[in-house]
Amino acid sequence: MAKITFKVSARAGKLFGRENFSNPEGAIIELVKNSYDADAKNCFVFFDIPTRIKRDRDGKSSEVPIKEESILYIIDNGEGMTKTVIEDYWMKIGTGNKEKDYISDDKRTKTGAKGIGRFALDRLGFETEMWTLSKKAKDKIGSYWKMDWNQFDESEKAISEIEAELEPIELELKDKLLTLTQNNRLVSGIIKDIDFDWGTIIKISNLKDFWFSDETKSVFKSLEALIPPRELNIPFEVYFKHFQHPKEFGKVETAFFNDFDYKLKATYKAETLNVDFEITRNELDVKLLKKKYPGVYNTKSKPYDLKTLEAKVFNYSKPIEKVLNWPLNDSNLKRLREVGSFELTFFYLKFSNSIKEGYPFKTVVASERKSTLERFGGVKVYRDSFRVRPYGDPTNDWLKLGARVAQSPAGAGQRIGDWRVRPEQTAGIITISRKNNPLLIDKSDRGALQENDAFDTFKTIIVGVIHEFEFDRTKMLNPLFIEHKKEIDIQKEKEIQKRAEALADTIIEQRKKIEESIYGRKSGLDLFQAKKEEEERKTYEEAFKDTFKLINDETAALENKEIVQVRSLASLGLVVSSFAHELKEIKDNSLEVKELERIFKSIVPKEIKKSVEYRDGIDIIELLDENSGKIIHWVDYALTAIKKDKRTRGKFEFSSFFVSLEESWVRIFKKKDIKLIIVDNTKGLSYEFRAFEMDMSTIFTNLINNSIDSFNNLTHIQERNITIQIAIENDNIHITYSDNGVGLDKVFEDDREEIFLPFTTAKRDRKGKEIGTGLGMYLVKSVIDDNNGTIDILNPEKGFSVFITFPIRK
């Protein structure tokens, strides 16, 4: 059988190139990358765009670029190309030389790999000329290369029939550039002190696009974000000039942040599965802090103490499983190692200082910060020192930081770990490389990275690292928030006292006036009357203070009502999640199970009722009956949870609550063979405790859900017990909740309090994505805090246990 070969038309090759460079901006960026790969110290992008005046129908005039006369220059002082390199690599489409030899002579990792960069020239203009002088050249003999890209439009031509002109030429690059630009003063001034012993000049003529002012500004802005940032210390400078607008552009400046509130540097080491952190705090005015809140950090341990704050910078290391709260198994280990090592430098810059919380922040200049973030903001990815787009673009919140803020909109100091950074107030540099991160692969159009498992893990690690900063900021601001709140409460108390005294004085004075008008003014000093007035005044003061406090409490309760409703919905959402698998199990079952059983028994003949098949049928009906009970339990709970009386604060009795709690869970406990033991030592006792019933339901619903999950993770058969003990001691309600399940996950063994942080969970799928909401224990802690209570994690020999206290009203 004969064998035949494919033939590729010239037009197909051109289409392939156009797919990779859909816009001219991307084509210029590709050519600048080529200069970097060539070890250039300097790269120049020159626009020569003549214009003509054009009038519209209304007679309004405007400047329009003349495409046919427009020229674009890309010049560099890199290693240049020899005749052999041009013939064997430059003229070979899809060459893999950069993929194989990806380290340059100056130890740069080359950014190109697909061998299609020369199609960027086709995208920009119809004609290209190139003068190149290799650093290996002798006697200044370089090469002149010329290409007419119109050849690719000849439909009958095969790609092997496309030809370019190539000839040797004696070359002095500076002289040649000045000749080409007709001794342009702009050009001569820029290149005067630049070393041009070797390099490349590319001239693109008869451009394909209209280069208006907005388009050239866009290229300049893209280059600012593209080229290696100053933090990487790479000697590569780009100059951008427009001949017709000589004052508008210049050297392309890269991102550099010296005004920030926080800076976090993190190095993820895939080999050791460890993250090295360096955090710089620059937000608090230490002098003002000492004056306003002296001693606030005296009892705090390092790194949350005053000494570390004054030093600004501190370092620590942390295993990746602790950063992510991600239990390690074989699958997780493989993913965490395969993603490869990388570095992140992250900046936080807030736009303004909030006065309400009273934080001793340093003064910020909002306009300057906004301007900086508009140019350089966003968390950007750099592969081998060059930007990978679109990550970090203004509308590209690729880490979903905005969604995290929506889920947890609390202020930074309100609760530790409960604040999320807004994407518009961040900037970051993530450095990856072809060598260390081979699975973070470019898409074919070079528009982004392929969204594979490695990319998902990459994002998970970055968000976990950013949360280290978020946690640190809340940890530092929370003591200040608490101190400020105490000051506000003291001020409110003084205001109430002042108002009560004034009102009591007014009433007594009014009474005395009325008595004097009736009985006349008494003469002389009446000590008994003065003592009586003093006692009367105190009585009034206490009554008014209690009234004002009650009004404040009711106002706070109304403000808290919406929070309680939101919390109720969140808690109900957790319950729905918990029973999701139960509902799938029984989705096709009928609720008319009893009627089905009656019909089944009546139609089956007596002689068959002793058969195995009949007993199987009865077993199935009993299973349906049991499952319908689960539906009833869930619906009953859901409807009860949102009743209005559960969202109203009132006198609360735990004894009746626990009876109701036991009844609502009895079906599920029976199904899962769980025993609920309630030891109530408050029966018959009189005490004053006010709370929302929904709040108490939130606490114990989430604790029970966690216990059920814990029992599901048992690897052996045992008794399954949940025990709740309640008593009253020293004007406090004491509740101990415990189960004998698998206990707290190992990822929390170093800091057990982490389970109370929002969105913190050890439940993950095989890709490391959180499958638990991470809100259960956070809601428990929030409810207890809002009711002035405390919760402590105990250390039982087996299982999980917490100790909860609530104060009783006196």
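This is a predicted model: local features need pLDDT of at least 70, side-chain atom pairs count only at pLDDT 80 or more; totals for chains, interfaces and linings use all residues.
1. Seven strands make up an open sheet, and their order across it is S12-S11-S10-S13-S16-S14-S15. The pairing within this sheet is mixed. Strand S12 (313-319) and strand S15 (386-388) are the edge strands; each has a single partner strand, so one side of each lacks a neighbour in the sheet. From one strand to the next, the twist averages 20°.

2. Strand S10 and its partner S11. Strand S10 covers residues 262-269 and strand S11 covers residues 274-281. The two strands pair in the antiparallel sense, over 8 bridges. Within this pairing, Lys 263 lies opposite Thr 280 in S11, and Ala 266 lies opposite Phe 277 in S11.

3. The turn of the hairpin. S10 and S11 form a hairpin, with 4 residues between the two strands. Leu 273 is in the turn and has a positive phi of about 55°.

4. Strand S10 and its partner S13. Strand S13 consists of residues 342-348 and is joined to S10 by 7 bridges. These two strands also run antiparallel.

5. Which residues of S10 form its covered face, and which form its uncovered one? The covered face consists of Tyr 262, Leu 264, Ala 266 and Tyr 268. The uncovered face consists of Lys 263, Lys 265, Thr 267 and Lys 269.

6. Cavities. The structure contains 2 cavities of 30 Å³ or more. The volume of the second largest cavity is about 50 Å³.

7. Lining of the second largest cavity. Which residues line the second largest cavity? They are Tyr 262, Arg 281, Glu 283, Leu 284, Leu 309, Arg 473, Met 476 and Leu 477. By class, this lining has 5 nonpolar and 3 charged residues, with no polar ones. Helix H15 (residues 453-519) gives the most to the lining, with 3 residues.

Technical notes:
Residues are numbered from 1 along each chain as its sequence is written. Side-chain values use heavy atoms; hydrogens and water are left out. On a 1 Å grid over the protein atoms alone, a cavity is a set of points where a 1.4 Å probe fits but cannot get out, and a pocket is an open set with protein on both sides within 12 Å along at least five of seven lines; lining residues have an atom within 4 Å of a point. Grid points are joined across faces, edges and corners, and a volume is the space filled by probe spheres set on the points. Ala, Val, Leu, Ile, Met, Phe, Trp, Tyr, Cys and Pro count as nonpolar, Asp, Glu, Lys and Arg as charged, and the others, Gly among them, as polar. Two strands pair if DSSP finds at least two bridges between them. Axes are lines fitted to C-alpha atoms, for helices over the stretch in contact, and angles run from 0 to 180 degrees between N-to-C directions. Buried means under 20% relative accessible area, exposed over 50%, partly exposed in between (1.4 Å probe, protein chains only).
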